[in-house]
Amino acid sequence: MTRRVLPLLLAMAWTLPALAAPPAPLPDDTAFASIAQLKERFARGELTPAQLTELFLTRIATLDQAGPRVNAVLEQNPDALAIARATKPGKGSLAGIPILLKDNLDTGDRMQTTAGSLALAGPPAPADSTVAAKLRKAGAVILGKTNLSEWANMRSNHATSGWSGRGGLTRSPYALDRNPCGSSAGSGAAVAAGFATVAIGTETDGSIICPASANGIVGIKPTLGLVSRAGIVPIAHSQDTAGPMARSVADAAAVLGAIAGSDPRDPATVDANKHATDYTKFLDPNALRGKRIGVVRALAGIEPNADRELDATIEVLRQQGATIVDPVVIPHLNELSNYELPILLTEFKHDIKAYLDTRKGLAVHDLADLIAFNNKEAAREMPWFGQELFEQAQAKPPLTDPEYLKQQADAKRLAGPEGIDAALAADKLDALLAPTWGPTFVNDLVLGDHVVSGDPTVGGPSAPAAIAGYPSITVPSGFAHGLPVGIMFFGTKWSEPTLIGIAYSFEIHRPAYQRPKFLDTVGGTPVR
């Protein structure tokens, strides 16, 4: 370099623009911010959807797939960042909000939809489920798919919740040796751990309510027919529904409003547009005033930690102006378990074939094919438990069978009009209350789930609303030994506005969500 050129280059350097400074690190609470808080930060220019998406992808990489290895996220959306960069905040009720979907919801993109089974791995679904399409329309960024109990816990009575042949075992972020519960295990664990703002779960009986409770978050199981099931791997059309899972009632209400509505692809939703609304309108801190709430003691008395939280909840409700009727009896409660499983098995055989007919290019076309696949791939698919529920379902008659038709009609009548509705009417109640479940159990792949249950003729606390097709909502109430405990409100058909108001008013007067510490065991040390 000549002496003449060097001064020239140095002079030019002074005129060049300074290199862009690296972006400021996001505040620690960004991953746990509410939808409303995130939208405010978008509007002020403090945060972009792409930055938020990158944050969650980093947390998934470092805390879910490495470090504590919660293993809640089965697959990340390879297009998530591109979608986030193209998202304009304000263009939709969920614009820029990252959301995870349970891996039984179709997405017409590059992600798989497998219900956790290797049998469905292959060509992706040809189109979005209606829920996924509605979320995209609302501007949400679909971040990925969550692990689940394979086939939504419909393969074996000895299954371990949160385990799938494709994804392995999801663990509780509160104590990694414990179970996240229910088939929407990954959705519950991911939201609790701050891997997404919100998630979608599905429920036939307990699969939103239990993982939401076990992971200390809010879960809404909507009225059957409020949210379309089109494009969702089914268990049974008489009970299946999708619903939101979030860290607050407000966030769950916002997501429910985005996914509710009629859909010609699902005849059960014919009346949904008459009831679907913006559920955030019902977030009233004074909603408990004047409400009459009945305590279903037959769903309590199962686990002492849950009972203590129930009693504490009742005190909060009274302090906020609610009238408590305790106890309340749901007629026919101990008859419902006689009907549920035979109905689900009969419907599964039919409904899974109808779903598989929509998936082109797969090697399986009906339940018999799935059974054969599992037998062939037993080392990968059945190392821990079998498929006796599949085999029982395969032996069931068609949906025209008179016994099945009578069972289904009786179950709906006894759980709904003559059960929940009769209990509400007897004491002029607005809602019913019960513990959700107590602290979650230790993982046991050898023996399966160790759910603490009471009278087997009653079933779990989610059963009455699930069988009736009525809504329920679980809200965190407190902790026992560092593990979350929830309480549940449920009511009549289309009573989501009332239940959301009650749950929100309770939540703000007894906020209970706590960020998990990724302990190795109860009372143990954090895993990093």
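## The disulfide

Cys-181 and Cys-210 are joined by a disulfide, with an S to S distance of 1.7 Å; the term covers a pair of cysteine sulfur atoms within 2.5 Å. The structure holds one such link. Its handedness is right-handed, with 80° about the S-S bond. Cys-181 sits in the loop between strand S5 (168-169) and helix H6 (185-192), while Cys-210 belongs to helix H7 (residues 209-214), so the bond ties together parts that are 29 residues apart in sequence. Helices (H or I, at least four residues) and strands (E, at least two) are DSSP runs, numbered from the N terminus.

Both ends are buried: Cys-181 has 5% relative accessibility, and Cys-210 has a relative accessible area of 6%. Buried here means under 20% relative accessible area, with a 1.4 Å probe and protein chains only.

## About the model

This is a predicted model, in which local features need pLDDT of at least 70 and side-chain atom pairs count only at pLDDT 80 or more, while totals for chains, interfaces and linings use all residues. Residues are numbered from 1 along each chain as its sequence is written, and side-chain values use heavy atoms, leaving out hydrogens and water.

## A covered strand

Now to strand S11 (residues 431-435), where five of five residues are buried. Ala-431, Leu-433 and Pro-435 lie on one side, Leu-432 and Ala-434 on the other.

S11 pairs (at least two DSSP bridges) with two strands. Strand S9 (residues 292-295) runs parallel to S11, through three bridges, and Ile-293 stands opposite Ala-431. Strand S13 (residues 483-490) is antiparallel to S11, with four bridges; there, Met-488 is the bridge partner of Ala-434.

Conventions:
Buried < 20%, exposed > 50% of the residue type's maximum accessible area, 1.4 Å probe, protein only.
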